[in-house]
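Reader: I am new to this structure. Please pick one part of it and take a close look, then tell me what else in the model goes with that part.

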Amino acid sequence: MDEDLDKMIHGQAEMMKGVIQGVEGLMGMIEKAFAGSKGRIMMIEGILQEREGQTGMRAMVNQGDHLGVGDQCLQKSIGIGVDMNPASHRGHLEVQHVDTSSVTDAASRSVDPDSLVKMNATAEALEAKEKQKPSFELSGKLAEETNRVAGVNLLHSEPPEARKSDIRWRLYVFKGGEPLDEPLYVHRMSSYLFGRERKVADIPTDHPSCSKQHAVLQYRLVEKEQPDGMMSKQVRPYLMDLGSTNGTFINENRIEPSRYYELFEKDTIKFGNSSREYVLLHENSKD
C-alpha cells in the first residue's frame, strides 16, 4: 500500500509539473513574440512544452485508472475523488482530466490589448522589411561624380532622345557683320557645350560675360507633323541655357534657362554680352 501511495503521489507531482510547464510555455510564447524572428522560435518551443505537459497529464490519468487504495485518508490528503468498493474493500481512483485549454484561454484573455497591437505591428514591420528590396540606384554625390569630365562636374546630361543629326549643320561666326575664320561643323556629335571652361567646352566662348558652362546645343529625336498631317520622327537641333549669369539669346530674344528651344535654319545665337553672333546654316542652305 505504501508503494502504491508513493506512486500516486509521484504521478500527481508529475501531472502538476506538466501543467506548470504548459502554462510557462504559453507565457513564454506571448513574451517572446515581441523579439521578432527569435521570438517566433521561442514561441514554438513554448507550444512544445505545453504539449509535453498535456502528454504527462494523459499518462498520469492512464496510470491512475489501475491504481487502488483502501484508505479514504488519501482522498483528503491529495484532494482527489476515491470511489470505495465494499465488496473488495479497494478504492478505485478516479483522476479527473484537467482541461489545459481553459488555462490557455485565461492566459490569452489576460494579455493587454495594447500588447497584441504591438505584436501585430511588429509582425507587419518584419514582413515589410523582408519584402523590401535593396536599391542599387546612384544617389546624390555618386550620381554627380559619374557626370564629370576632366575633374569638372557637367551641368548638362544628354536626354534619352539624344541623337546625332543626319543633316550637316554648321555655325558661322560673325563679329561686327564680318565672318570670322572657318564655320564650326556641329553635326559630328549629339551635343555641343558652349562656355569659358576650356576643359569641358566643345566650343569655347572666352568673353568675360560668358559663364564657364553657358549653354548647350542638343540634337533630339522628336515627332513632327508633316504637311500632309502625318507624324514622323526627326532629329532636330535645340538650344538650352545652363543658368548663365548674362543669358543666351536667339534672334535677340533672351531664352529661359533649363529649357530646350528649337533652332531653325538662319537663326542667330548670342552668348552674354559678347558681340559675336553664331548663325545656324547647313550645307544646302541658300544665301
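Author: Tyr-238 stands opposite Glu-262 in β15. Another bridge partner in β15 is Tyr-261, which belongs with Leu-239. Strand β12 covers residues 231–241, and its pairing with β15 is antiparallel, over two bridges. Two strands count as paired if DSSP finds at least two bridges between them. Strands themselves are DSSP runs of E with at least two residues, helices are runs of H or I with at least four, and both are numbered from the N terminus.

All of this is read from a predicted model, in which local features need pLDDT of at least 70 and side-chain atom pairs count only at pLDDT 80 or more, while totals for chains, interfaces and linings use all residues. Residues are numbered from 1 along each chain as its sequence is written, and side-chain values use heavy atoms, with hydrogens and water left out.

The pair belongs to an open sheet of five strands, in the order β10-β9-β11-β12-β15, with mixed pairing. At the edges are β10 (203–204) and β15 (261–262), each of which pairs on one side only. In general, the strands of a sheet pair through backbone hydrogen bonds, in a parallel or an antiparallel way.

Strand β12 also pairs with β11, residues 215–225; these two run antiparallel and are joined by 11 bridges. Opposite Glu-225 stands Met-231 in β12. The hairpin of β11 and β12 has five residues between the strands, and Gly-229 there takes a positive phi near 90°.

Most residues other than glycine have a negative phi. Asp-181, which is not a glycine, has a positive phi near 55°. Asp-181 sits in the loop between β7 (178–179) and β8 (184–185). Asp-181 counts as exposed because its relative accessibility is 77%. Here buried means under 20% relative accessible area, exposed over 50%, and partly exposed in between, with a 1.4 Å probe and protein chains only. Asn-251 likewise has a positive phi of about 55° without being a glycine. The loop that holds Asn-251 runs between β13 (248–250) and β14 (253–254). Since its relative accessibility is 37%, Asn-251 counts as partly exposed.

A pocket is found on a 1 Å grid over the protein atoms alone: it is an open set of points with protein on both sides within 12 Å along at least five of seven lines, whereas a cavity is a set where a 1.4 Å probe fits but cannot get out; lining residues have an atom within 4 Å of a point. Grid points are joined across faces, edges and corners, and the volume is the space filled by probe spheres set on the points.

The largest pocket holds about 310 Å³ of space. It is lined by 17 residues, and the closest to its centre are Val-173, Pro-204, Thr-205, Arg-276 and Tyr-278. By class, the lining of the largest pocket has six nonpolar, four polar and seven charged residues. Ala, Val, Leu, Ile, Met, Phe, Trp, Tyr, Cys and Pro count as nonpolar, Asp, Glu, Lys and Arg as charged, and the others, Gly among them, as polar.

The second largest pocket has a volume of about 200 Å³. Of its 13 lining residues, the closest to the centre are Leu-154, His-156, Ser-191, Leu-193 and Asp-202. Strand β9, residues 191–195, contributes the most to this lining, with three residues. The lining of the second largest pocket divides into six nonpolar, five polar and two charged residues.

Val-152 counts as buried because its relative accessibility is 17%. Leaving out residues up to four places away in sequence, Val-152 touches Asn-147, Lys-199, Val-200 and Gln-213, where a contact means heavy atoms within 4.5 Å. Between Val-152 and Val-200 there are 7.3 Å, C-alpha to C-alpha, although the two are 48 residues apart in sequence.

As for the whole, the protein chain has six helices and 17 strands. Its average pLDDT is 74, and 57% of the residues score at least 70; pLDDT is the predictor's confidence in each residue, from 0 to 100.
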